[in-house]
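Have a look at the model first, then read on.

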Amino acid sequence: MSRSHRCIHPGCSGVSRRTFLSDVGMGFTGLALGAMLAEDGVFNTGTARADAFAPGLSPDGRPHFAPRAKRVIWFMMRGGVSHVESFDPKPALNQYAGKTVAETPHKAVLESPYFKNVREQVLNNIVDRNKAKIYPLQVGYKKCGQSGAEVSDWWPHVGECVDDIAVIRSMWTTDNNHGAQLQFLTGRHLLDGCFPTIGAWIHYGLGSLNDNLPQFISIGTRLQSQCFEALDGDYLGPENGAVEIKVDPKNPLAYGRPELDAGDEERAIDAQLLGKLNGLSAVEYPADKDLRARIKAYEMAFRMQTAVPEVMHFADEDEATRKMYGLDNEVTRPFGEQCLAVRRFSERGVRFIQVFHGANAAGEWDAHSKLKQNHSSMSAKVDQPIAALLKDLKRRGLLDETIVLWTTEFGRTPYAQGSDGRDHHNFGFSIWMAGGGIKGGIVHGATDELGYHAVENRHYVTDIHATIFQLLGLDPRRLEIPGRKRLEIDYGRPIHEIMA
C-alpha cells in the first residue's frame, strides 16, 4: 500500500481511512487482519507475510517439553512386507507346512476375538483361512548383533544394525486393504474420511530448522487416494502438507525451475512483484486457506530453487560414501540415491521426511503370488541403502537426534494364497524404530507361534504416533484445532518400553 493510504498524524494508529473502510467492508475478520498486517509491516512493504495468516490459535513453533529428537525419517514399504520373512521369523511354519491351521496345536487362533477389529474396505481376504494350508518360510534367518535379534536373510545389512534398532513385533491395524498405508500415517481408517497425517501435525506444531527448505517432504510414489490430494494437511491446511521431491539432480522439484533462463536479479524482482500481488489478494480474502498456502509456497519455492538442487549434488560425497549407499550398483542405486538425499536433507534441517518404496497402485511388495521372487528382489533394492543411512547418520552424530522408522501397512498371512503367495494380514506384524530416544537391540511385543495375531504388548498404529510426539517434545492434545474433536484412539499411547 502506498504512503498516501496511511495516516501520518502522530497520534494515529497507522491505518488509513481507506484501509479502515475496506476492512469494515470485509467485517470483523477484515478489521483483525488489517491490524495484524499493519503490525507486521505489510502496509509498509507492500508484501504479505505468509505466517500472518496462520489459522486459529496456532502453536508457537516450540516443543511443549524437552525433546529427545529433532527430526523424523519414515520409510513405508508399500504393499505389505511379510513379517514372518523379515523381522519375526516363525519356525513353526516349516514344522506344520502343508497342514491347515486347524490341524495344528495352534487352531485357537482361528477363534480369536481380535478378528472383530477388522473394518473391511473391500471384501479382500478371498482365502478361506479354515481351509488354507500353512506356507513354509521362503528364506532363512539368523540371530544378529550382540542382542541376538532374529532377522531374515533377505535383510542382512539391516541385520548388521540391529543393535541400534527396536523391533516391534506386535502391530495391528483395522484396515485389511492398502488404505492401511494411509491409516498408518493418519491413525484413521479410510472409511472414516480424510485426516491430517502425522507429518502435517509435526509441521503444524514445530518451527522451522531451515527457512530455505520445506519442513515436511515426501519422496517416492505413495498410495493414490483422494486424501493425499491435499498432500497430507487436510483440515490443518495445505501449508502443512508435504512438498513432493523427486530425487533427480536435473529436476528435483516440480515447477521449481523457470521455463526460461533467468538471472538472480530478475528472479528477485519477480518474487517481489508476486509478493505485492499476493499481499493485495490476502487482504481481500483473509480466510482463504489455499491462498495462504500459495503465498507460503511461493516464498519457499523462491528459496528452494537454489537449496534443493544443492542437496542433490551427490558429487560432493566421497567414493566410500557413495559405495556404502549402493550407488555403484544398478539394483541399489535408485533407492540408494533416495536414502543419500534423505541424509543430506536431514543434516540441512528438514524436520519430517517420508519415503515410499514400491511404486504401483497397491504397492510392489504385495506378494499374493511368487512371494520368494518378489521379496528377494524388493529387499535387495532397499536393504543396503537403509542400513547405509543408519550407519551414516550414526557416524555423523545425527542418529541420536533423528527418529528413523521402518513400516509397512500390514504383514502377510501364515498360510498360502494360491501355490506360492501370502495374503494381506493386519492382525499382527512387525515394524522397527531407531535413533533419537529409542533403545537399540531390543525386541518388543510378540505374535503367536504362527505369526497370526499380536498377542503380547499389542500396539495400534497411533501408539507409534504417540511415541514420536513424545520424543519430539510435543503433546498432541495441545495441538487440537477448535471445532475438530479427535477420538481417544487418535492419540495412542507412547511405547515407553522402547524409549531410552
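Let's start with a cluster: Trp74, Phe184, Phe216, Phe352 and Phe429 are linked by ring pairs. Rings of Phe, Tyr and Trp (its six-membered ring) pair if their centres lie within 6.5 Å; planes under 30 degrees apart are stacked, over 60 edge-to-face, and the rest tilted. This is a predicted model, so local features need pLDDT of at least 70 and side-chain atom pairs count only at pLDDT 80 or more, while totals for chains, interfaces and linings use all residues. Numbering runs from 1 along each chain as its sequence is written, and side-chain values use heavy atoms, with hydrogens and water left out.

**Aromatic pairs**
- By that ring rule, the count comes to 17 aromatic pairs.
- Phe87 and Trp406 make an edge-to-face pair, because their ring centres are 5.1 Å apart and their planes sit at 70°.
- That pair joins distant parts of the chain, 319 residues apart: Phe87 is in the loop between strand E1 (71-77) and helix H4 (92-95), and Trp406 is in strand E8 (residues 402-408). Helices (H or I, at least four residues) and strands (E, at least two) are DSSP runs, numbered from the N terminus.
- Both Phe87 and Trp406 are buried, meaning under 20% relative accessible area, with exposed over 50% and partly exposed in between (1.4 Å probe, protein chains only).
- Phe115 and Tyr452 are edge-to-face too, because their ring centres are 5.9 Å apart and their planes are at 80°.
- Tyr452 is buried at a relative accessible area of 0%, and Phe115 is buried at 15%.

**Charges over rings**
- Arg129 has its charged end over the ring of Phe115, 4.0 Å from the centre. The test here is NZ of Lys or CZ of Arg within 6 Å of the ring centre and within 35 degrees of the ring normal.
- Likewise, the charged end of Arg188 sits over the ring of Phe195, 4.3 Å from its centre.

**Nonpolar cores**
- The largest nonpolar core has 54 residues, and Phe75, Met77, Trp155, Phe345, Ile386, Trp406 and Trp432 touch the most other members. Such a core is a set of buried Ala, Val, Leu, Ile, Met, Phe, Trp, Tyr and Cys residues joined through side-chain atoms within 4.5 Å.
- Helix H12 (residues 371-395) gives the most to this core, with nine residues.
- Apart from it lies another core, of 43 residues, including Met171, Trp172, Phe352 and Ile495.

**Gly421**
- Gly421 is in the loop between strand E9 (411-412) and strand E10 (424-425), and it counts as buried at 0% relative accessibility.
- Gly421 and Ser369 are 52 residues apart in sequence, yet 3.7 Å apart in space, C-alpha to C-alpha.
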